[in-house]
Amino acid sequence: MKNIKTIIVLYPSFDRGGATKNLINFINECASKNIKIYLVSNIDKKQKKRIFNKDIKIVNFFGHSQNIFLRRFFTSFFSIFSLIKLFNRINHKESIVISFQSHILPIIFCRLFQRKIVIRNSEDVIDATKYADKKFSAYLIFVLKVLIYNFSNGIITNSSKSKSSLDSIIFKKRSILIYNPYLRKIVKSKKRIVKNYILSVGRFCKQKNQIISIKAFALFLKEFPNYKLIMIGHGQDELKLKKICRNLNISKNVIFKRWINDPKKFYIKSKILIFPSLYEGLPNTLIDAVNHNLPCISSQCSGAIDILTKKKGIFLTNKKDFNQLSKKMIYVIRNYRKVTKDTVVIKRKLDRFLIKSQVQKYLDYIKSIMK
C-alpha cells in the first residue's frame, strides 16, 4: 500500500463553524504525520499563522459575494484554477485530492486531469434538499450530486443517517462512515453548578429551526417562569427571532449572544441544550454538550442518534412540534437527576470523536483508494 506523501485539501469558502473546526483538526493532524498539505481556500493568510501548522501550504484565491449561494458558487469556481495549477506541480502518483466542500466541480476536473479525489459529505443530502430555503437550486444541486458523486474515487460521510441518505443516490453504496475528528480530549466529569438556563447554539437560520425553540420556551415558562433561554449564534434570522420573542412577550427571558468561538462556560452553567435542527451531518454542538455533561433534547436529525444513542437520547418525533419540545423540556427538569446520569452514560462513547483516531481512519481509507 502506498504511503501518502501529499494531500490537496479543497475548502473554497472558509467560514466559522463546526465543519471548519473539523477541517483544521484534520489538516493539523496530517501535518504532524509529515504529510505535505496544500489547502486551497479563500482563508486570510493572517488566520493561517493562528490556526494552522506552519508547514501547511495555503493556496489563496479571491471569490467573494454578500449572497451566500453566490459566494459558494464563486469560491468553488475560482478554487478550480488554483487546483489545476497544483496539478502541474505535484506528482499524481504520490498525491490525492480531498474535497471538504463544494464537490461538483472538483470531481469533474479531477476526472479530466486523471487525479484521484475523495469527497467528504457532511450533511444528510435528502433532508438538506427537503428543508432547503431555495427549492429550485436545492433540487438542481441534488440532481447534480446524483450524477456527479458517482465519479469520485471515494466518499466519506460522518453519521449513519447521512450514510443511509447517500447510499440511496450513490451506485454500489460506496460511501464509508467515519466520525468527525473533533475532540482533543474527553473532559473529566465534575459536579456542575448550574443556573436556570436553557441553551441553544447554532446559526440563526431555517436549518437550525430556532423558531420552535422560542415557541416551546414560551410554553415552558408557564411552568418554570424563572428560566432564561440563551441563544448563541449569528445569521440572517436574528431579527426575525427577536420579533417572535417580542410577540410572545418573553424578550426579557431570552438572551441573544453573538457568535462565541468557545461557549464552554455556557455548556457548564446551563441545565439543558435544545437542538431541534431540521438537518445536519454530525452536530459538534451535541458532542460539546455531552462532553460537558449537559443533557440534550434533539430532533432526530442526522448524527443525533450517533452521538446521544438511541437508548439514552431524548428525541423529538416531530421536528416542528413546539408543544412536544416544551413537554420534553419540562420532563427533563422534573427528572433531572435521572437524565444527568443518562448523559454520563452517553459520554462514555465520546471517544469515537477523538481527533487522532478519526484522522487515522481517514488516512487508512485514503491509502486504500491510492492502491
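Buried means under 20% relative accessible area, exposed means over 50%, and partly exposed is what lies in between (1.4 Å probe, protein chains only). Keep that handy, because Glu238 has a relative accessible area of 12% and so counts as buried. What you have above is a predicted model, where local features need pLDDT of at least 70, side-chain atom pairs count only at pLDDT 80 or more, and totals for chains, interfaces and linings use all residues. Residues are numbered from 1 along each chain as its sequence is written, and side-chain values use heavy atoms, with hydrogens and water left out.

**Salt bridges**

- Side chains of opposite charge can pair when their charged atoms come close.
- Here, a salt bridge is a side-chain nitrogen of Lys or Arg within 4 Å of a carboxyl oxygen of Asp or Glu, and by this rule the count comes to 15 salt bridges.
- Back to Glu238: its side chain meets that of Lys242 in a salt bridge (3.1 Å, N to O). Both sit in helix H9 (residues 238–247), 4 residues apart, about one turn of the helix. Helices (H or I, at least four residues) and strands (E, at least two) are DSSP runs, numbered from the N terminus.
- Lys161 forms a salt bridge with Asp124, and their closest N and O atoms are 2.8 Å apart. That pair links distant parts of the chain, 37 residues apart: Lys161 is in helix H7 (residues 160–167), while Asp124 is in the loop between strand E5 (117–121) and helix H5 (125–130).
- Which of these two partners is buried? Asp124 is, because its relative accessible area is 2%; Lys161 is partly exposed at 31%.
- Lys208 pairs up with Glu280 in another salt bridge, with the closest N and O atoms 2.5 Å apart. This one also links distant parts of the chain, 72 residues apart: Lys208 is in the loop between strand E8 (197–201) and helix H8 (210–223), and Glu280 is in the loop between strand E11 (272–275) and helix H11 (284–291).
- Both Lys208 and Glu280 are buried.

**Aromatic pairs**

- Rings of Phe, Tyr and Trp (its six-membered ring) pair if their centres lie within 6.5 Å; planes under 30 degrees apart count as stacked, over 60 as edge-to-face and the rest as tilted.
- That rule gives 15 aromatic pairs. One of them is the tilted pair of Phe26 and Phe100, at 5.4 Å centre to centre with 40 degrees between the planes.
- Phe26 lies in helix H1 (residues 18–32) and Phe100 in the loop between strand E4 (95–99) and helix H4 (104–112), so this pair ties together parts 74 residues apart in sequence.
- Phe217, Phe220, Phe224 and Tyr227 form one aromatic cluster.

**Surface patches**

- Patches are made of residues with over 30% relative accessible area and no salt bridge: like charges are joined within 9 Å, and nonpolar side chains (Val, Leu, Ile, Met, Phe, Trp, Tyr) within 5 Å. The accessible areas come from the Shrake-Rupley method with a 1.4 Å probe, and for residues only the protein chains shown count as cover.
- Phe136, Leu140, Val143, Leu144 and Leu147 make up a nonpolar surface patch, with about 500 Å² of accessible area together. Phe136 is in helix H6 and counts as exposed, because its relative accessibility is 70%.
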